[in-house]
Amino acid sequence: MATVTRNREEHTNRDFDLIEAMLDELPEIAARWAALSDGERASVGLEWGNDIGAIAQFLADHQRGYLTPAQEVRLVAVLRRLRQGRSLLEGLGLYYPPEAELAALRPVEAAGTPAGSSRQARGRRA
Amino acid sequence: MAEVEREERAVGDLIVAAGSRARTLSGAELERVLRHVARAGFDPHARENVRGPIVGLTRPAGGQVQRGDRLPPAEVHYLRHVVYRQEWPVGTTHAGYLASIREVVEDPASRVLVGRYQGAWQLSVVRESAALRGPEGFPLLLVDYRVTTGHWVTAFQLRDGLAGITARGREDITWLR
């Protein structure tokens, strides 16, 4: 039973945890996809379709300088893994964000070493 | 055929007819559909693989979720959305989660749509989360009922509002209410 209220950083970490867990498990899910029941396949897809909405929130948080350096690192890793998993996701009929949405995050990916980039950006704006 | 199965089939036919726009449901028919959906619950005979971060959480009846477990969908979704995600108020029990889903389906203020997902028809009910919104919940709550299984597929709070319904793989959406 839930007993605590989480702060913003922990909330964001939970969102990362969910998406990373799915990306971790994607090959295994794909391998047994045909054996899953219709209900479980729908469940996996619908949950993922909701969870992946966090990407847009990550972008907003990145732009506002709300992500911690560790979260910036996670964001870059998630974006790379998402792109790597695209064919698998689409092959299963699972949602893949529109390129236009992901394009906004290309500078984050391109930076490659994002630790502190969000905070640096915030400093530049200040 | 048992009465429940006959009703499930009849309700499924109504959902498909409405979704394929073969006919418009009357108010009484929609009420019949929703009455059935509210009682359908998660499939008690199905099992889902535990996924991701619910491994290690305490199950409602005690014991920890182990990697590789296959649990009833009602439990998987409770652990995921109530315990882990805190979309529901702190302290919501397993029974409370299920009761809240029924409440949303039966609420005349809820909106109702049908559409296809992964090729199969579903009826979905959407309502403001209101008092069901937990510390990390969202303003709208969604319940999905799948005609092929005759049960709820999932019930969670929509991170992106209605866009989370209409732009994430659902097809042929028709709003019934």
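Tutor: Happy to! The side chain of B:Ser124 makes a polar contact with the side chain of B:Asp144, at 2.5 Å. Keep in mind that this is a predicted model.

Student: Let me jump to a histidine. What is around B:His151?

Tutor: B:His151 lies in strand β6 of chain B and is buried at 16% relative accessible area. A polar atom of its side chain lies 3.0 Å from the backbone oxygen of B:Ala40. Leaving aside neighbours within four places in sequence, B:His151 touches B:Ala40, B:Gly41, B:Phe42, B:Asp43 and B:Pro44, and also B:Asp144, B:Tyr145 and B:Arg146.

Student: New topic, the interface. How many residues does each chain bring to the contact?

Tutor: Chain B brings 40 residues and chain A brings 36. About 3,200 Å² is buried between the two chains, with carbon and sulfur atoms giving 47% of that area. On the chain B side, B:Arg51, B:Arg159 and B:Arg168 lose the most area to chain A, together 21% of what that side buries.

Student: How many salt bridges and polar contacts go across?

Tutor: The rule finds 8 salt bridges across the interface, and 22 residue pairs are in polar contact there, both residues being at pLDDT 80 or more. On the chain B side, β1, α3, β5 and β6 are the elements giving two or more residues. Of these, α3(B) gives the most, with 7 residues. The chain B side divides into 12 nonpolar, 14 polar and 14 charged residues.

Student: Why would you call α3(B) enclosed?

Tutor: Because 12 of its 12 residues are buried, α3(B) is largely enclosed by the rest of the structure. Those buried residues pack against α1 and α2 of chain A, and against β1, β2, α4 and β6 of chain B.

Student: What about A:Asp38?

Tutor: A:Asp38 forms a salt bridge with B:Arg146, where the closest N and O atoms are 2.6 Å apart. This pair also joins two chains, because A:Asp38 lies in helix α2 of chain A and B:Arg146 in strand β5 of chain B. A:Asp38 is partly exposed, at 24% relative accessibility, whereas B:Arg146 is buried, at 0%. Elsewhere, salt bridges that share partners join A:Asp15, A:Glu47, A:Asp51, B:Arg80, B:Arg85, B:Glu87 and B:Arg159 into one network.

Student: And inside chain A, what does A:Arg32 bridge to?

Tutor: A:Arg32 bridges to A:Glu28, with the closest N and O atoms 2.5 Å apart. The two residues are 4 apart in helix α1 of chain A, which means about one helical turn separates them.

Student: Last one: where is pLDDT under 50 in chain A?

Tutor: pLDDT stays under 50 over residues 114-126 of chain A. Helix α8 of chain A has the lowest mean among the elements of that chain, 44, while helix α2 of chain A has the highest, 96. Where pLDDT is low, the predicted coordinates should not be read in detail. Over whole chains, the mean pLDDT is 83 for chain A and 96 for chain B. The model scores ipTM 0.94 and pTM 0.89.

Notes:
Residues numbered from 1 in each chain as written. Chains lettered and ligands numbered in written order. Predicted model: local features only at pLDDT ≥ 70, side-chain atom pairs only at ≥ 80, totals over all residues. Heavy atoms only, no water. Contact = heavy atoms within 4.5 Å. Buried area = accessible area lost by both parts, 1.4 Å probe. Salt bridge = Lys/Arg side-chain N within 4 Å of Asp/Glu carboxyl O. Polar contact = N/O pair within 3.5 Å; in protein donor to acceptor, adjacent residues only side chain to side chain. Nonpolar A, V, L, I, M, F, W, Y, C, P; charged D, E, K, R; others polar. pLDDT = per-residue confidence, 0-100. Buried < 20%, exposed > 50% of the residue type's maximum accessible area, 1.4 Å probe, protein only.
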